[in-house]
Amino acid sequence: MNRNEIINDLIEFIDQSPINYFAVKNSIDRLEKNGFKKLNENEKWKLEKGGKYFVSRDDTALIAFSVGDDPRKGFDIIGSHTDSPTFKIKSKPEMTSNGFLKFNVEGYGGMIVSSWFDRDLSLAGKVVFEENGEFKSKLVKIDKDLLTIANCAIHINRELNSGYKYNMQDELSPIIKTIEDDFKKDGFLQKLLAKEIGVDEEKIIDFDLALYDRQKGSIMGSDDEFIHIGRLDNLASVHQSLTALINSENKKFNMCVLNDNEEIGSGTRTGASSPFLDEIMERIVMNLCYDREDYFISLSNSYLISADLSHSIHPNYSNLFDSTNNTRINIGIGIKVASNGAYTTNVETRARFLKHAKNVGAKVQTFHNRSDKVGGSTIGPIVSAKSGIKSIDVGTPILAMHSIRELGGVDDHIEAIKIFEDFYNKKY
């Protein structure tokens, strides 16, 4: 694909992936189209040298890999995450107030709250229902401008432009319709979901739903150099690693890991703290007739690129960034460094990454937080501390991270894919 095709493919991937379930579904569709075979955790495997496989967990996490000649040489892994900040629908969501029907929600991850106001929103997620005595599930993405979180007029709340703090319980409820009688609200969402997925409303057992922005992504700027879309953090990294894996020769043990729940600490069975990755790597080693000691040898020779977007220095807030180690959009992928261990980069892991970037002629930057500020972290330290795998933290720079729409660079995304392809094709 050429430059425009790659970026349009990214935008299409994100537009079709409003929440984690769809990020994994769309990743699976791409893998299957390119010869990757599905494995199930609850079945025995029969792996073949040169084979390409994937395993998903709970429809929100995914590991894809290729089989080389000797796993003791180590796995080359790129890890990212499928979730982004949003609002989740609570179990009994219907509420009425002053003639409006609205939904009770709670925040997921650390979003920029104000960016969610006055948007055309809808619902996406997973619905569990009973059919012929069995539990079944369907993904749902309501393709309709369904909801909005309406701002209060400046005439009524004069503090809105003065550092106003929103109350997450009282002021963030999305409106869906006007309503006359309170008794009409009960079961409204269940009826809506039943109609959407084509089942009787009484059959619905539970749901996991989140809000998503209906506005499509775009390429913008006077020179078409920017990507403007939500969920760049971290679906841009998902797209980079997945595209690189699919495009690579895959003659060795390459692995693409998509964890869930990074935005809330990774402490779930699909998050980086779970044994998901460790179990898959050990199963691969054992399935190829090596023993547990061989598995530990494999870990010692493995390398993880923790790919999670970095902060571009902001033209309007430059005083909040480090004066000599800041990243800028379209100047190259950022290597993230932190003396407090929030990032896993060290002198050895950095050297290998720089070699891959040099091979493809890609630019690289370095990101440090200001010394008087505490930044975020990634899946890298969790995986590295748990498994002992050497790791580096990198990410393409963006503005407005955790806003409903973020701003990234076209060149950075293209170059990241090139570096990741070289990583998958070469072993150092």
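User: How many bridges pair strand S5 (residues 86-97) with strand S6 (residues 100-108)?

Analyst: This is a predicted model, in which local features need pLDDT of at least 70 and side-chain atom pairs count only at pLDDT 80 or more, whereas totals for chains, interfaces and linings use all residues. Residues are numbered from 1 along each chain as its sequence is written, and side-chain values use heavy atoms, with hydrogens and water left out. Strands (E, at least two residues) and helices (H or I, at least four residues) are DSSP runs numbered from the N terminus, and two strands pair if DSSP finds at least two bridges between them. S5 and S6 pair in the antiparallel sense, and the number of bridges is eight.

User: What are the bounds of domain 1 and domain 2?

Analyst: The bounds come from an automatic or database domain assignment. For the protein chain, this assignment gives domain 1 as 3-83 + 230-425 and domain 2 as 86-213.

User: Which three residues supply 39% of the area that domain 1 buries against domain 2?

Analyst: The C-alpha centres of the two domains lie 31 Å apart, and 20 residues of domain 1 are in contact (heavy atoms within 4.5 Å) with 19 residues of domain 2. Buried area is the accessible area, found with a 1.4 Å probe, that two parts lose on being put together, summed over both. Between the domains this area is about 1600 Å², with carbon and sulfur atoms giving 64%. On the side of domain 1, more of the area comes from these three residues than from any other three: Tyr21, Phe22 and Ile404.

User: Which residue forms a salt bridge with Lys126?

Analyst: A salt bridge requires a side-chain nitrogen of Lys or Arg within 4 Å of a carboxyl oxygen of Asp or Glu. One salt bridge is counted between domain 1 and domain 2. With the closest N and O atoms 2.8 Å apart, the residue that forms a salt bridge with Lys126 is Asp59.

User: Where is Asp59 found?

Analyst: Phi of Asp59 is near 65°, a positive value in a residue other than glycine. Strand S2 (residues 52-57) and strand S3 (residues 61-66) pair in the antiparallel sense over six bridges, with Ser56 opposite Leu62 in S3. Asp59 itself is found in the loop between S2 and S3.

User: Which strands are the edge strands of the nine-strand sheet?

Analyst: The nine strands form an open sheet of mixed pairing, in the order S1-S2-S3-S13-S4-S14-S18-S16-S17. An edge strand here pairs on one side only, which is the case for S1 (37-39) and S17 (364-367).

User: At about what angle to S3 does helix H5 (residues 276-287) run?

Analyst: Axes are lines fitted to C-alpha atoms, for helices over the stretch in contact, and angles between N-to-C directions run from 0 to 180 degrees. H5 lies across S2, S3, strand S4 (76-81) and strand S13 (254-259), and its angle to S3 is about 30°.

User: Why is one side of strand S11 (218-220) and of strand S15 (310-311) left without a neighbour in the sheet?

Analyst: Five strands form an open sheet with mixed pairing, in the order S11-S12-S20-S19-S15. S11 and S15 stand at its edges, so one side of each lacks a neighbour, because each has a single partner strand.

User: Which residue in S20 stands opposite His228?

Analyst: Strand S12 (residues 226-229) and strand S20 (residues 406-409) run antiparallel and are joined by four bridges. The residue in S20 opposite His228 is Leu407.

User: Which residue does a cis peptide bond join to Asp233?

Analyst: Helix H4 (residues 232-247) includes Asn234, and H4 lies across S12, strand S19 (397-399) and S20, at about 35° to S20. With omega at about 15°, the cis peptide bond joins Asp233 to Asn234.
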